Amino acid sequence: MKLVYTGKTKNVYALENGNYLLKFKDDCTGKDGVFDPGENSIGLTIEGVGDVNLRMSIYYFEKINAAGIKTHFVSADLNDTTMEVLPAKVFGKGLEVICRHKAVGSFFRRYSDYIEEGADLPAYVEMTFKNDEKGDPLVTKDGLVILGVMTEEQYDAIKAMTQRITKIVADDLLEKGLVLYDIKFEFGYDANGDVMLIDEIASGNMRVYKDGNYIDPMTLSELFFN
């Protein structure tokens, strides 16, 4: 194995078969020792975080693959906290895709003149460039195409896949008495330009409520597997 990338919460290794291995770490983003999935720097280490993030990712990737939606997931080894994935190129220098069921967080801060906090949204999809210094700026479909980051067809595929995947996750959480407000994904594309879901699907990537109360990611992981 050859280390090709050291990330905040995962390291990436190249395998001899052409695939890659993601090694999940117990490092978490946060500030002043407090876990915050929205932060851009490592703030603390919590034992077992890598394990629960991998477990949740396996659980949802298998569901999504079974639904016929293309992902990079191949297999996983819980003993080693690793996941084997297909090779994929990221869009531009990295793109985050958010699907929103409720007007909260940054969406509400931007558009509070026009909508009440917590109002329903129709699986609203938005994309932001991953750029810590510029505050992860929003980008439109036209912008992505003009900048050469993706084609119109790739954008349309990502939007449709995002809404389908979000429904799978939201319906599953609802069976557990949990309500999904929004969720963040990452997508890439293969050698043929076909879009696939990449990265992970863990509690730190979603905003979930129970009985009207926000559930922090660590508590959500505990509720999820109990």
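This report describes strand pairing, aromatic contacts, a surface patch and salt bridges in a predicted model.

The model is predicted: local features need pLDDT of at least 70, side-chain atom pairs count only at pLDDT 80 or more, and totals for chains, interfaces and linings use all residues. Residues are numbered from 1 along each chain as its sequence is written, and side-chain values use heavy atoms, with hydrogens and water left out.

## Strands and their pairing

Helices (H or I, at least four residues) and strands (E, at least two) are DSSP runs, numbered from the N terminus. Two strands are taken to pair if DSSP finds at least two bridges between them. Burial is assigned from relative accessible area: under 20% is buried, over 50% is exposed, and partly exposed lies in between (1.4 Å probe, protein chains only).

Strand E10 (residues 95-102) is largely enclosed by the rest of the structure, because seven of its eight residues are buried. E10 runs antiparallel to strand E11 (residues 120-129), to which seven bridges join it; Leu 95 has Phe 129 of E11 as its bridge partner. E10 also pairs with strand E13 (residues 179-189), in the antiparallel sense and over four bridges. Within that pairing, Asp 182 in E13 is the bridge partner of Arg 100.

A separate description applies to an open sheet of three strands in the order E5-E4-E6, with antiparallel pairing. Its edge strands, each pairing on one side only, are E5 (34-35) and E6 (42-45). Strand E4 (residues 27-31) is joined to E5 by two bridges in an antiparallel arrangement, and Lys 31 stands opposite Val 34 in E5.

## Aromatic contacts

Rings of Phe, Tyr and Trp (its six-membered ring) pair if their centres lie within 6.5 Å; planes under 30 degrees apart count as stacked, over 60 as edge-to-face and the rest as tilted. By this rule there are 11 aromatic pairs. Tyr 181 and Tyr 209 form a stacked pair, because their ring centres are 3.8 Å apart and their planes lie at 15°. This pair links distant parts of the chain, with Tyr 181 in strand E13 and Tyr 209 in strand E15 (residues 206-210), 28 residues apart. Tyr 181 is buried at 14% relative accessibility, and Tyr 209 is buried with a relative accessible area of 17%.

Phe 185 and Phe 187 make an edge-to-face pair, 6.3 Å centre to centre with 65° between the planes; both residues are buried. Elsewhere, ring pairs link Tyr 59, Tyr 60, Phe 224 and Phe 225 into a cluster.

Two lysines are placed over rings, where a charge is said to sit over a ring if NZ of Lys or CZ of Arg is within 6 Å of the ring centre and within 35 degrees of the ring normal. Lys 102 lies over the face of Tyr 181, 5.8 Å from the ring centre. The charged end of Lys 176 sits over the ring of Phe 224, at 4.8 Å from its centre.

## Salt bridges

A salt bridge is a side-chain nitrogen of Lys or Arg within 4 Å of a carboxyl oxygen of Asp or Glu. A search of the whole structure finds 17 salt bridges, including those tabulated here.

| Asp 51 | Arg 55 | 2.8 Å |

Asp 51 and Arg 55 both lie in helix H1 (residues 49-66), four residues apart, about one turn of the helix. Asp 51 is partly exposed at 22% relative accessibility, as is Arg 55 with a relative accessible area of 36%.

Glu 96 is buried at 13% relative accessibility, whereas Lys 184 is partly exposed at 23%.

Asp 156 lies in helix H4 (residues 152-175) and Lys 141 in helix H3 (residues 141-146), so their pair ties together parts that are 15 residues apart in sequence. Asp 156 is partly exposed, with a relative accessible area of 41%; Lys 141 is partly exposed at 25%. Finally, salt bridges that share partners join Arg 100, Arg 110, Glu 126, Asp 182 and Arg 207 into one network.

## Surface patch

Patches are made of residues with over 30% relative accessible area and no salt bridge; like charges are joined within 9 Å, and nonpolar side chains (Val, Leu, Ile, Met, Phe, Trp, Tyr) within 5 Å. Accessible areas come from the Shrake-Rupley method with a 1.4 Å probe, and for residues only the protein chains shown count as cover. Val 4, Tyr 5 and Tyr 20 make a nonpolar surface patch of about 290 Å². Tyr 20 belongs to strand E3 (residues 20-24) and is partly exposed, with a relative accessible area of 31%.
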